[in-house]
Amino acid sequence: MKSIDYNFREIEEKWQKRWEKEGLFKVDLADQTKPKYYCLTMFPYPSGTLHVGHGRNYILGDAVVRYMIMNGYNVLSPMGWDAFGLPAENAAIKANIKPEDYTYSNIKKMKEQFSKWGIGYDWSREIATCEPNYYKWTQWIFLKLYERGLAYKKEAPVNWCPSCNTTLANEEVVNGGCERCGAEVSKKDLKQWFFKITEYSQKLLDDLELLTDWPEKVVTMQRNWIGRSEGAIVYFKLADSGEPLPCYTTRPDTLFGVTFMSIAPEHPIIAKIIENNPEKTKILEFIEKVKKESFIERTSDTAEKEGVFTGKYVINPINNEKVPLWIANYALMDYGTGAVMAVPAHDQRDFEFAKKYNIPIKIVIQPKDRELIVEEMTEAYVDEGIMVNSSIFNGLINFPAIPKIIEYLSANKLGEYKINYRIRDWLISRQRYWGAPIPIIFCENCGEVPVPENDLPVLLPSSDKVDFKPKGQSPLASVEEWVNTTCPKCGASAKRETDTIAQWLCSCWYFLRFISPHSDDVPFIKEDVNKWMPVDQYIGGIEHAVLHLLYSRFIVKVLYDAGYVNFREPFKALFTQGMICKVSSISGQLEKMSKSKGNVVSPDELIAKYGADTQRLYTLFIGPPEKDAEWIDTSVIGSHKFLKKLWTIITENSDIIKSAKTYNSDGGDLDKDNKKILCKIHQTIKKVSEDIKRSFHFNTSVAAIMELTNELKNVEVLKPEILKLFAETVLKLLAPFVPHIVEELWEIIGNTETIFKQSWPKYDERFIVFDEITVVVQINGKIRSKLVVNSDITEDEIRKTAMADEKVTQWLKGKEIIKSVYVPKKLLSFVIK
């Protein structure tokens, strides 16, 4: 049959409409005939159109969904929009339109793009976090935390973005800058709402052990962010007043080496210290200077250590020595108590500080192999050693001695054992318009009053009434008719909380709402959620490791403890895709795709020129999906050429394929060339299936299919039955990757149903090895093993196979291989000693 033209535009539009009409991705939650599989790709911020870099995780997710459908699973694959928050609002302000108009306009564009890419979702479950029927339940979750004492308001120094004019959670500060706009973040004292995530520090840490299908890198990032440490609280006190000044340390073994104490510029005791202090002005000037420094400037190992002496002294309880009290830029309120016992001889930061300000250095730990001399030290000694100048602890090895020292402190009421965590409570207030209002009312008679559940949602006032451009306080505060209300307890006049909830809370439970998206009286149907959760496969970027992923785990644990769900973790398996990078037209360097870098590739233009399947294939083929990959425009053509080649092979032979019988023999009736193709087909099924199961290595799967296709040119006469097997197998294997062309070709060779109602192909072990041979392995002239391998195995491959053979390795263990000789297809000989 003559080849038909590959009109990808008509083909892709045809199948996108058909999948939607047939409800290919619409899930029946009640279906008990198939095992459930919940595959979820992180929903996007609708703050602009998508480029091909964005497409990677959605295309990956769609390939997984289609693969699991063909493997007989009842697949839930929903999509929605993380529509509230700074990203959408900042973009709206820049475009000078209302946030809701900008948001819904982008949702429309992005939804069209998903469709053009051939991404399949159950759109009947679509949600947007800015919809009242969604944020009603976000507010409900806030109230559940409030009821359990896990939501509270307090004045505290918080991260402040001067560009976004709002507060930021610690997790939203990256390298000292705003995670959204990059502006340098400063500290500001404000009364804010927090979630007590610290109450769940140990649970969050312990349950990391449950996440066996998460990338170790993400688990490590969360473990480090939670930051559990064991040490002691030591009861230092001011020398003149006896005012307690407790200090947390993980190194009580160095207590006898304390020569000064440093406190954070934000420490509350400073207010007392500067009363009638002749150095008050100097101290306050230093504090103001440090407050302007970014977090990264204060914590960097290379940053200059600076401080100011307070004129006060503290008493070290272990030896009653009086040491000077300094305020230092590297001391932080966010860790421990905000007071640091400084041991210059055994802490590098303290060493640098002491050298700069001529503070004494006292050695209390000596290395086992040499003697430290203060005048000769160029850096702190921080390793294990023998305790000296440490009273009753002299002669002990320092690290093993730590429990004894803590026991001594406790017995003498000088301190106590303490577990500390680096994580701090989650700041959830935002001084912005585009977010869910915090459901709290303030009454002069009753104080803080939660909005009754029956009165939810607390609706945002119309943006027509609000100047939502950021001014440093919530825009809602200026809408008097909205702010002024009545107290639900006593009926008196009251005022609403005007801050909104950070968008992170909206995305911390959306995976639950997808299961019951239309329920009006509950946030989710418990029975359905308990059946379908946790998410079987979650796909998204690693940048969410200590933001969304940690917050979601916390919220689920709270709901678990409150009895609303019966699972402790939201995501069973996590896959974090690498970024797509491209050479920037501005810097000339390989960088993440961004409009500001001048390296964005529009998928719309690409699809118009080559088709969605070409974009999908190149995206999957570009490299290991968990690693960053470089987008090269000219390489896209290779993927398109492969699709055209496949199209030509199958359409030109479609009559033969349709009329051929299904091959069911054992291969004995085939000549060498046809048997080789038969074996290659089954090897490819095995390879592709294993690569998908092994961390979604679609790139090597695609390569294997291309290799199989190329093998056809080496066969002079391909039997119709083998050609049919090739066509049907290749189309099934490619279906999750390039679904449009596959569906069309599947129809051309005589099928009426969608290929996604077909089962994933299975390989036959009989055909995995083609033309087996036996290679004898000799060691020092004696036969030690016989290897059954493919006849076309290379010398390098036979050596690797032999070295992995247990019978061989037991003779090689602990021996030196002098030489090896390979007689092709017969013998591999080792000489050892």
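Student: What should I know about the model before we start?
Tutor: It's predicted, so local features need pLDDT of at least 70 and side-chain atom pairs count only at pLDDT 80 or more, while totals for chains, interfaces and linings use all residues. Residues are numbered from 1 along each chain as its sequence is written, and side-chain values use heavy atoms, with hydrogens and water left out.

Student: Okay, which residues touch the most other members of the largest nonpolar core?
Tutor: Tyr38, Phe142, Trp426, Tyr510, Phe511 and Phe554, out of 176 residues. A nonpolar core here is a set of buried Ala, Val, Leu, Ile, Met, Phe, Trp, Tyr and Cys residues joined through side-chain atoms within 4.5 Å. Buried is under 20% relative accessible area, exposed is over 50%, and partly exposed is in between (1.4 Å probe, protein chains only).

Student: And what does Phe142 touch?
Tutor: Leaving out residues up to four places away in sequence, its contacts include Trp193, Phe195 and Ile501; contact means heavy atoms within 4.5 Å.

Student: Switching topic: how many salt bridges are there?
Tutor: The whole structure has 42, each a side-chain nitrogen of Lys or Arg within 4 Å of a carboxyl oxygen of Asp or Glu.

Student: What's the N to O distance for Glu707 and Lys680?
Tutor: That salt bridge comes in at 2.4 Å.

Student: Are those two buried or partly exposed?
Tutor: Glu707 is partly exposed at 43%, whereas Lys680 is buried at 15%.

Student: Which residues form a network?
Tutor: Lys14, Arg18, Glu22, Glu744 and Glu747 are joined by salt bridges that share partners.
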